[in-house]
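This report concerns a single structural model.

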Amino acid sequence: MHLIMILNALAVAWWLRSSWNQPQGSWSLRWRRSLFVFLFPPLLIFMTAIAVLFMGPQGQMGGMYTGSISYVVALIYLAFFAILCIKLAFQGWQSVESARNCPLVNLGDKRARLLQTGALFAGQIGFWQPELVVSQGLLQTLSPDHLESVLAHEQGHHYYRDTFWFFWLGWVRSCTAWLPNTEPLWEELLSLRELRADGYAALQVDPLVLAESLLLVVSSSPVLSEICCAALGSSGADRLEQRIEALLAPPEPIPETQLQSWHGFLLALLPLVAVIFHS
């Protein structure tokens with residue numbers, strides 16, 4: 001019976017991911033739909049594995065005997081999740097330590113770590129309290145107005161704690177790489193993250209200046225891993241046109257996350273109900 005639960009969870013997860021098409025419409029609509037399709041399948045599988053592990057390798061459920069195969073499968077899957085989390089956390093810690101080895105510089109009322117490279121780079125690196133990192137090439141190339149717009153964009157990443165939340169989303173991405181549409185969904189979420197930070201910055205600086213800065217920075221090659229890093233050009237050149245159009249269009253309000261937006265995720269907890277019927 002436990003094996004049937006696992007197979008049903010895998011079937012639902014596969015079907016939901018396969019049915020995803022890149023949504024159109026407002027930022028908030030795209031964000032809700034993409035985040036749900038990205039997170040719900042792994043959450044359902046994870047809760048199913050937790051339920052099977054909690055019920056144990058022996059007993060009855062719905063008049064059917066349970067075996068140890070499903071228990072071992074659930075245990076292996078959860079161990080796989082844990083190992084990937086530790087691996088990504090270690091890589092993130094290495095990125096943070098690398099950034100902390102860079103000297104501090106003052107940029108007006110902000111302090112940043114200076115990366116000794118000619119590439120154009122600005123990003124937040126860290127977890128809940130990331131540090132701003134800028135490259136020598138960025139400071140030498142951009143005008144004060146363009147630099148201010150870049151810093152405003154990075155402040156947007158700091159405001160929304162993007163490095164922290166996308167560390168966990170990146171963990172989900174690694175754990176569910178075998179599910180369909182994982183990479184397109186990841187790229188969509190990255191793009192929406194950058195659009196949100198662009199919108200935050202556009203309220204403080206001239207959007208046209210920010211668009212010009214974006215053109216300069218995206219054309220430069222990335223210099224750091226995306227793990228625990230949120231940088232101006234991290235969504236890639238393929239989404240550049242979309243971001244430029246959003247900056248030149250009238251600003252779109254980005255609503256705060258409401259509690260009702262998370263109601264759909266409660267369905268992923270249904271496998272835990274099966275524990276009641278286990279004996």
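Which residues form a nonpolar patch on the surface? In this predicted model, the patch consists of Leu3, Leu7, Leu10, Trp14, Ile69, Val73 and Trp178, which together have about 660 Å² of accessible area. Two elements each give two or more residues to the patch, namely helix H1 (2-18) and helix H3 (68-100). The largest share, four residues, comes from H1. Ile69 is a member of the patch and lies in helix H3. Because its relative accessibility is 60%, Ile69 counts as exposed.

The next topic is the pairing of strands. Strand S3 (residues 104-107) runs antiparallel to strand S4 (residues 110-115), and the two are joined over four bridges. Within this pair, Asn106 of the model stands opposite Arg111 in S4. S3 and S4 form a hairpin with two residues between them. In the turn, Gly108 has a positive phi of about 70 degrees. S4 also pairs with strand S6 (residues 131-135), here in the parallel sense and over three bridges. In that pairing, Arg113 stands opposite Val133 in S6.

Phe164 has its place in helix H6 (residues 162-175). Is Phe164 buried, partly exposed or exposed? Phe164 counts as partly exposed, because its relative accessibility is 22% and the range for that class lies between 20% and 50%. When residues up to four places away in sequence are not counted, Phe164 touches Phe127 and Trp128. The C-alpha atom of Phe164 is separated by 8.4 Å from that of Pro130, although the two residues are 34 residues apart along the chain.

The last topic is the cysteines. How many disulfides does a search of the whole structure find? The search finds zero. A disulfide is a covalent bond between the sulfur atoms of two cysteines. The closest cysteine sulfur to that of Cys85 is in Cys175, at 7.8 Å, and this is too far for a bond, since the cut-off for a disulfide is 2.5 Å between sulfur atoms. Cys175 is likewise in no disulfide, its nearest cysteine sulfur being that of Cys85. Cys85 counts as buried because its relative accessibility is 18%, and Cys175 is buried with a relative accessible area of 0%.

The relative accessibilities discussed above are collected here.

| Residue | Relative accessibility | Class |
|---|---|---|
| Ile69 | 60% | exposed |
| Phe164 | 22% | partly exposed |
| Cys85 | 18% | buried |
| Cys175 | 0% | buried |

Definitions and conventions: Residues are numbered from 1 along each chain as its sequence is written. This is a predicted model: local features need pLDDT of at least 70, side-chain atom pairs count only at pLDDT 80 or more; totals for chains, interfaces and linings use all residues. Side-chain values use heavy atoms; hydrogens and water are left out. Patches are made of residues with over 30% relative accessible area and no salt bridge: like charges are joined within 9 Å, nonpolar side chains (Val, Leu, Ile, Met, Phe, Trp, Tyr) within 5 Å. Accessible areas come from the Shrake-Rupley method with a 1.4 Å probe; for residues, only the protein chains shown count as cover. A salt bridge is a side-chain nitrogen of Lys or Arg within 4 Å of a carboxyl oxygen of Asp or Glu. Buried means under 20% relative accessible area, exposed over 50%, partly exposed in between (1.4 Å probe, protein chains only). Two strands pair if DSSP finds at least two bridges between them. Contact means heavy atoms within 4.5 Å.
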